[in-house]
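Subject: Structure handover

Hello,

Here is the structure I promised to pass on. Please open it first, then read my notes below.

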Amino acid sequence: MNDMNVAKFIDDRPDAGVFRVSRALFSDPELFALEMSHVFEGGWVFLGMSSQAENPHDFFTTTVGRVPVLVTRDKEGTLRAFVNSCPHKGARIASQPSGNAGLFVCPYHSWSFASSGECKAVKWESAGSYGAGFKQDDHNLKEIGRFGEYRGFLFGSIAADVAPLEEYLGEARHMLDLAADQSDEGLELVPGRVRFTFAANWKMQLENCSDQYHFTSTHPSLIKVLERRAREKSEAVVESSLSGADFWKGMKTDDIVAGSYSFENGHVVTWGKMEANPSLALFERRDALVEKFGPERAAWMFNMRNLTLFPNVQIAVNAATQLRVIRPLAPNLTEMETWCLVPRNESAEARRQRIRQYEDFFNPTGMAIADDNAVYEECQAGMADRQNAWLQGHARGLAATAQGGDALSQAIGMNPQRSISGTSQLADETLFQSYYREWTRRMGEVLA
Amino acid sequence: MTALSQPEAQHLLFREARLLDDQAFTAWLDMYTEDALFWMPAWREDNTLTEDPDRELSLIYYRGKENLRDRVTRLTSGLSPVSKILPRVVHLVGNVMLEEASEAQATVRSSFVAHAYAPRTDRVTSHFGHYEHGFAQVDGRWLISRKIILLANDLIPTVLDVNAI
């Protein structure tokens, strides 16, 4: 591992106006193993929503890096996150995505655990002739290193030696607030699992969520359909939420319609101007939101905004609101679990509209995501080249990037590290740099 | 007008499958009524299928043939990176059971496997499950008024479009 020098993978020279990423970062198997231990298991990652374990004894399962994780709510209502593995032989003690269990019984030898993680019984313990060492062991489920909640969003870290959750989220928390503030009753996930895989590196997904440059190139087939729907306005077809905006069309105008913010710890958001209009499910709450939060904050709630909290969660607010969890499986294989994230107690009509927009756009069985998957795979093929290792995909916008925030971020009291805004053709790529700087920080222990 | 017979039901299902395999999408759309339901529910976490498409997520939910026309437009546009070279698809439909048959309408349940070979990636995928077809007799022709696809393997590798389910 002596040749694992970070300069081989990331060429970050701000003074020279250079930021480049190597193709090896997307395809090297040794690097991938280190990413699992240091990026995914070495710091904060998103686990799920508190609504996934709403009531006493509710639980859900997930995976952090390679580690199976169990999140439970005990009978008093306290949420905890455990390694989903029996201390005895290592078996997963919960194998369903979610459920309700006052007692978890290991399927292998029936060791049992309360929803608080406490070991309730080691089968036939008294007859087991155990030695002193076993008796001294703690048989409870092992809590992961750190666990925390911010407004219904649950995060955890396998490693305990990390900054507090508030510090990890930093100023990006304002973007979670814009989602959480949409309902006094909080957020929930629409029932219905949607999972898919693509044969490419997880960082393709990380980047694409905040890539405003690709839309008109990767999705012209969808745009063709949207244009026809706009012309024909059929009753049978749900109106696209994008029909009320121009930022994605790539028209050459001077208006500032889109931009991005970079935050500490690798979080970024891209935004596009969208006016509150009836094609958005949230429109029914506009007046109440303006009254409660003021016009500027309410306007932000209607903007397109694709948020990534490094390294594994994205909240895409454009056609409805999608929660995406990235799970890397191999250097060239990634699994995505995606959810329709909704404010509680919206009207039946708003919910219906939101779900229809969501399915059409965000499902792998819809009209957009499969094309993203395909282009990731095309990129992955090209990541094998080492003769021309440096990619040229992190450079747009460099000359327009400003330190700190701008008037729009100030309007909601948000202070990003860097900001950029401009026409729909600006399509900033410099925000990706934040991903790779945080990647470098988390990998710092193993990369020289 | 007579009620739908078992051989007729099988023929309609086989014909739909073959039109999809042959990429004869215009003829495929012609098999549907204008207000047809095309629905592939998602699975809940408790291993049951979603049942209320207005409150729960579906993998695909359309009411109205126009939506299927949109899907065909996109699929055959040549502008979709994943669909530029369409997969070669083979549907196998079996276990056909005629459940309800009058002169006006019929319900037919069946099982399917759709194999797909993607020339872009040289990958083979296979999706399988059950169909519920509703048929309506319109001007002497049996048309599909409802197609519900209960997809058993719902972890989607890269893509799954209307031509391969």
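Chain A is divided into domain 1 (45-150) and domain 2 (170-442). These bounds come from an automatic or database domain assignment. The C-alpha centres of the two domains of chain A lie 35 Å apart.

A word on the basis. This is a predicted model: local features need pLDDT of at least 70, side-chain atom pairs count only at pLDDT 80 or more, and totals for chains, interfaces and linings use all residues. Residues are numbered from 1 along each chain as its sequence is written, while chains are lettered from A and ligands numbered from 1 in the order in which they are written.

Now the domain contact. Eight residues of domain 1 of chain A touch twelve residues of domain 2 of chain A (contact: C-beta atoms, placed from the backbone, within 7 Å). On the domain 1 side, strand 3 (residues 45-49) of chain A gives the most, with three residues. Strands are DSSP runs of E, at least two residues, numbered from the N terminus. That side of domain 1 holds five nonpolar, three polar and no charged residues. Gly counts as polar here; Ala, Val, Leu, Ile, Met, Phe, Trp, Tyr, Cys and Pro are nonpolar, Asp, Glu, Lys and Arg charged, and the others polar.

Strand 3 of chain A also sits in a sheet. This open sheet has three strands in the order 3-12-11 (chain A), paired antiparallel. Pairing needs at least two DSSP bridges between two strands. Strand 3 and strand 11 (146-150) of chain A are the edges. Four bridges join strand 3 of chain A to strand 12 (residues 153-157) of chain A. In strand 12, F153(A) is the bridge partner of M49(A).

Best wishes

Terms used: Contact = placed C-beta atoms within 7 Å.
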